[in-house]
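Here is a short report on a two-chain model. Look over the sequence and the coordinates, then read on.

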Amino acid sequence: MTAPGTVGVKHRTEIQVRWGDQDAYQHVNNVAYAAYLQEARAEMLAAAGVRASAHARHGTFVVARLKVQYLRQLTFRPAPVAVTTWVSAMSPARITLRCEITDPADDGLGPYCTGLTVLVPYDLDEDYPRRVSDEERAALSHFLIPDPS
Amino acid sequence: MDAYRHVNNTLYFRYCEQARTQMLGFEGSAEAEMRARTPDPEAEPTDGFVLISADMEYKKPLVYRDNRTVDVQSWVTRIGNSSFDIAHRIVSPGDLGPAAKHYAACFTTMVAVDKAAQRSRKLRTSELAMLEGYLDPALPVPMPGGRKGPQ
């Protein structure tokens, strides 16, 4: 857990590009980027101890917004890509994440994409938004790097 | 559908892409066949469009049900020299008015490219005409800068 006022860390994972993620342009298709960001997000939530489980129906998160800026083309490659995810803002009703997909070896060309994800805590049984719990807030603060104001 | 019985967030991107490629007349579409009958002398076989930004707002869960379909409404909101914006709304079938309640809205920016040279190019005259045909002033124009929150 991170003490108040300190800056957290970015979560990093590597994802293998699949052959079938390419489209007719031989680019990794835009939908695959969204799937990579989702995988990384689920890993970050699990690493923070926040379980996104269908069995805990009262304590889930749903995606309220996903913005992806495609900065350069990603083509099929044998080496994985790195996906970095962090929490840029937390409020009682929403958690904002930032993320980027890069070359793990840092080829100096900058990210393939940057992403912004807004998660809303949601109670699936009630079918209604809920509040971020104190436990979730504490757990996610490990990955909290607020946007520069 | 995912473990929450919701259509997973990534699939909304696919639905919008499907609507967009139909509208823009990608290879094999009815739009492309129609345009092939009146060839554009400016056009090159290496002409293409790529997506450079997509911003999806999920308004209410799309819950999986047998035989259910949705409509994706797509319209052009900006035309530049080499790029343009398209807005999409995912709605119940036939619910297409300006005040339609939507499951999600997506704001996208596309760029005209030369696929071989891998660089952007100017929109062709025929492409400008095609895009102008999809400008719909009756529909809301939520981009750019019209949204709250971080960009």
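Which residues touch the most other members of the largest nonpolar core? They are Tyr33(A), Tyr12(B) and Met56(B), in a core of 59 residues. A nonpolar core here is a set of buried Ala, Val, Leu, Ile, Met, Phe, Trp, Tyr and Cys residues joined through C-beta atoms within 7 Å.

## Basis

This is a predicted model: local features need pLDDT of at least 70, side-chain atom pairs count only at pLDDT 80 or more, and totals for chains, interfaces and linings use all residues. Residues are numbered from 1 along each chain as its sequence is written, while chains are lettered from A and ligands numbered from 1 in the order in which they are written.

## The two chains

Chain A has 2 helices and 6 strands. From the N terminus, its elements run β-α-β-β-β-β-β-α. Helices (H or I, at least four residues) and strands (E, at least two) are DSSP runs, numbered from the N terminus. The C-alpha trace of chain A spans about 45 × 35 × 25 Å along its principal axes.

Chain B has 3 helices and 5 strands, in the order α-α-β-β-β-β-β-α from the N terminus. Buried residues make up 32% of the 149 residues in chain A and 28% of the 151 residues in chain B. A residue is buried if 20 or more other C-beta atoms lie within 10 Å of its own, exposed if 12 or fewer, and partly exposed in between; C-beta atoms are placed from the backbone. Among contacts in chain A between residues at least 6 apart in sequence, 71% join residues at least 24 apart. For chain B, residues 24 or more positions apart account for 64% of the contacts with a separation of 6 or more. Two residues are in contact if their C-beta atoms, placed from the backbone, lie within 7 Å.

## Helix H1 of chain B

H1(B) covers residues 9-24. Its 16 residues should span 22 Å at 1.5 Å a residue, and the end C-alpha atoms are 23 Å apart, which agrees. The expected span is 1.5 Å times one less than the number of residues. Just after the helix, Gly25(B) takes a positive phi of about 70 degrees.

The buried residues of H1(B) include Tyr12(B), Phe13(B), Cys16(B) and Arg20(B). The buried set packs against H1 and E2 of chain A, together with E1, E2, E3 and E4 of chain B. Beyond four places in sequence, Tyr12(B) touches Val7(B), Met56(B), Ile90(B) and Ala104(B).

## The interface

The contact takes 19 residues from chain B and 22 residues from chain A. On the chain B side, the largest share, 9 residues, comes from E1(B). That side divides into 10 nonpolar, 4 polar and 5 charged residues. Ala, Val, Leu, Ile, Met, Phe, Trp, Tyr, Cys and Pro count as nonpolar, Asp, Glu, Lys and Arg as charged, and the others, Gly among them, as polar.

E2(A) and E1(B) pair in the antiparallel sense over 5 bridges. Two strands pair if DSSP finds at least two bridges between them. Met56(B), in E1(B), is the bridge partner of Leu66(A).
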